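Subject: A structure for you to look at

Hello,

Here is the structure I promised to pass on to you. Please open it next to this email and follow along as you read.

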Amino acid sequence: MGIVEIFLIAVGLAMDCFAVSIASGVILKRFRWKTMLLMAFFFGLFQAFMPMAGWMGASLFSHLIEQVDHWIAFAILAFLGGRMIVESFKNEESRHHYDPTRLKVILALAVATSIDALAVGVSFAFLNIREPHEILASVGIIGLVSFVLSVAGLVFGICCGEWAARKLKAELWGGVILVAIGVKILVEHLFFS
């Protein structure tokens, strides 16, 4: 898997962080850099940790299912991307019922937005990412992209407000990216390997 694919996966995964950060920025209404950087740090940390955990767990048994690993990777990415696409069309209440300045809330949001990254880590084990240095580079990119997009989402939410956030449809685009990468993996394994 190349750097461009890893970057696109990172962007796809970080769209949840981006969308939640926009909503949090709307709630904050003004720049609170300590809160914003803390939120972005934990979002990036959990987005990096979860794929590592998924990869480590799946690496133990990936050799047993080598014949279908590309189908599993495709199914995971297509399911996650499809779910993100469907979620992007659901109407949300215009009121948000959480306080993004509380550490407990930040940690809960970081875990909630990174569950998909755990599944992506499982798919990494099925895509011949076998060495620790390969996964470290991947999770480093995922964590960094998540951090940057979280800060960007917070700034966007504070500056542009909720009306602009709804028009952006970050979750929709993240889902499209994950499905496209899943299709690419499947096509490469079926027709070009």
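Leaving aside its neighbours within four places in sequence, which residues is Asp116 in contact with? I will come to that after a few words on how to read the model.

This is a predicted model, so local features need pLDDT of at least 70 and side-chain atom pairs count only at pLDDT 80 or more, while totals for chains, interfaces and linings use all residues. Residues are numbered from 1 along each chain as its sequence is written, and side-chain values use heavy atoms, with hydrogens and water left out.

**The overall picture**

The protein chain has six helices and zero strands. Helices (H or I, at least four residues) and strands (E, at least two) are DSSP runs, numbered from the N terminus. Along the sequence, the pattern reads α-α-α-α-α-α. The chain has 193 residues, and 45% of them count as buried. Here buried means under 20% relative accessible area, exposed means over 50%, and partly exposed lies in between (1.4 Å probe, protein chains only).

Contact means heavy atoms within 4.5 Å. Among the contacts in the protein chain with a separation of 6 or more, 92% are between residues 24 or more positions apart.

**Asp116 and its surroundings**

Back to the opening question. Apart from neighbours within four places in sequence, Asp116 is in contact with Leu13, Asp16, Leu80, Arg83 and Met84. Asp116 lies in helix H4 and is buried, because its relative accessibility is 4%.

One of these contacts, Arg83, is also a salt-bridge partner: the closest N and O atoms of Asp116 and Arg83 are 2.6 Å apart. A salt bridge is a side-chain nitrogen of Lys or Arg within 4 Å of a carboxyl oxygen of Asp or Glu. This pair links distant parts of the chain, with Asp116 in helix H4 (residues 103-125) and Arg83 in helix H3, 33 residues apart. Is Arg83 buried or exposed, or something in between? Arg83 counts as partly exposed, because its relative accessibility is 36%.

Leu80 is another contact of Asp116. Leu80 lies in helix H3 and is buried, with a relative accessible area of 4%. Not counting residues up to four places away in sequence, Leu80 touches Asp116, Ala119, Val120 and Leu178. The C-alpha atoms of Leu80 and Leu13 are separated by 9.3 Å, although the two residues are 67 apart along the chain.

**The other salt bridge**

By the rule above, the count comes to two salt bridges. Glu5 is buried, because its relative accessibility is 15%, whereas Lys184 is partly exposed at 35%.

**How H1 and H4 pack**

Two packed helices are described by the angle between their axes and the distance between the axes. For H1 and H4, the angle is about 170° and the axes are 10 Å apart. Axes are lines fitted to C-alpha atoms, for helices over the stretch in contact, and angles run from 0 to 180 degrees between N-to-C directions. Angles under 35 degrees count as roughly parallel, over 145 as roughly antiparallel, 65 to 115 as roughly perpendicular and the rest as oblique. H1 and H4 are therefore roughly antiparallel to each other.

On the H1 side, the residues that meet H4 are Ile6, Ile9, Leu13, Asp16, Cys17, Val20 and Ser24. Their counterparts in H4 are Leu109, Thr113, Asp116, Ala117, Val120 and Phe124. Together the residues of this contact divide into nine nonpolar, two polar and two charged. For this sorting, Ala, Val, Leu, Ile, Met, Phe, Trp, Tyr, Cys and Pro count as nonpolar, Asp, Glu, Lys and Arg as charged, and the others, Gly among them, as polar.

**Aromatic pairs**

Rings of Phe, Tyr and Trp (its six-membered ring) pair if their centres lie within 6.5 Å; planes under 30 degrees apart count as stacked, over 60 as edge-to-face and the rest as tilted. By this rule the count comes to three aromatic pairs. One of them is the stacked pair of Phe31 and Trp33, at 5.4 Å centre to centre with 15° between the planes. Another is Trp71 with Phe74: the ring centres are 6.4 Å apart and the planes are at 85°, so this pair is edge-to-face. Trp71 and Phe74 both lie in helix H3 (residues 69-88), three residues apart, about one turn of the helix.

Enjoy exploring!
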